Amino acid sequence: MRRLDLLIFPDFQILDVAGPIAAFEIAARIVPGAYELHLAALEPGPVASSSGVMLLAEPLSDAPLDTVMAAGGDGTRQAKDCPATQDWLRAASARARRTTSICSGAFLLAEAGLLDGRRATTHWSRSADFARRYPAVTLEPDRIYVRDGDVWTSAGITAGIDLSLAL
């Protein structure tokens with residue numbers, strides 16, 4: 001069983017989460033037990049997306065991980081500045097086989113230093129800001145997703161599904 005923790009936060013983009021959940025749920029249906037999905041948040045319980053729809057999250061865990069994934073959305077602007085979130089991402093990435101982000105979730109990985117010296121992508125509308133903030137990251141703004149070793153990033157919402165299928 002491969003554990004996947006998907007990090008959400010207030011004002012996350014619901015499709016950044018729903019697409020990967022569906023892709024991994026179907027993979028687990030085809031190969032029973034392949035993936036164990038967990039939504040994780042700094043404050044467990046109901047977490048409101050940017051649309052107001054809430055998803056129920058578990059507390060951040062120190063369990064062994066196969067994959068850690070950071071959602072994107074307007075809430076990344078605040079979540080990237082949260083020391084506890086950044087600490088968890090660094091620790092989770094260190095124990096995971098793969099570290100990934102969907103859309104503007106790349107800001108969370110970059111703020112944690114997990115993209116330094118790597119190639120990455122993010123949503124086109126935030127690419128200029130990303131490149132300015134994180135000069136240690138080689139931004140590839142015209143890519144659907146980018147894999148650099150064990151770190152994967154994707155562009156927009158539907159690119160998160162493509163990334164999940166590639167994983």
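Leaving aside neighbours within four places in sequence, which residues is Ile157 in contact with? They are Gln13, Leu15 and Asp16. The model is predicted.

**Ile157**
- Ile157 lies in helix 6.
- Its relative accessible area is 27%, so Ile157 is partly exposed.
- Ile157 and Ala27 are 130 residues apart along the chain, and their C-alpha atoms are separated by 19 Å.

**Helix 1 against helix 6**
- Helix 1 spans residues 14-30 and helix 6 spans residues 157-166.
- The two pack at an angle of about 25°, with their axes 8 Å apart.
- That angle makes helix 1 roughly parallel to helix 6, because angles under 35 degrees count as such.
- The crossing of helix 1 past helix 6 is right-handed.
- Helix 1 makes the contact through Leu15, Asp16, Gly19, Pro20, Ala23 and Phe24.
- Helix 6 contributes Ile157, Gly160, Ile161, Ser164 and Leu165.
- By class, this contact has seven nonpolar, three polar and one charged residues.

**Nonpolar core**
- The largest nonpolar core has 44 residues.
- Leu6, Ile8, Phe12, Leu89, Leu115 and Phe130 have the most contacts inside it.
- Elements that each supply at least two residues of this core include strand 1 (2-7), helix 1, strand 2 (35-41) and helix 3 (83-95).
- Helix 4 (106-111) is also among them, and helix 4 gives the most, with five residues.

**Phe12**
- Beyond its neighbours within four places in sequence, Phe12 is in contact with Val17, Val47, Ala48, Ser49 and Ser50, among others.
- Its contacts also include Leu55, Ala71, Gly72 and Gly73.

Terms used
Residues numbered from 1 in each chain as written. Predicted model: local features only at pLDDT ≥ 70, side-chain atom pairs only at ≥ 80, totals over all residues. Heavy atoms only, no water. Axes fitted to C-alpha atoms, helices over the stretch in contact; angles between N-to-C directions. Helix = DSSP H or I, 4+ residues; strand = E, 2+ residues; numbered from the N terminus. Parallel < 35°, antiparallel > 145°, perpendicular 65-115°, else oblique. Left-handed = near helix turned anticlockwise from the far one by under 90°. Contact = heavy atoms within 4.5 Å. Nonpolar A, V, L, I, M, F, W, Y, C, P; charged D, E, K, R; others polar. Core = buried A, V, L, I, M, F, W, Y, C linked by side-chain atoms within 4.5 Å. Buried < 20%, exposed > 50% of the residue type's maximum accessible area, 1.4 Å probe, protein only.
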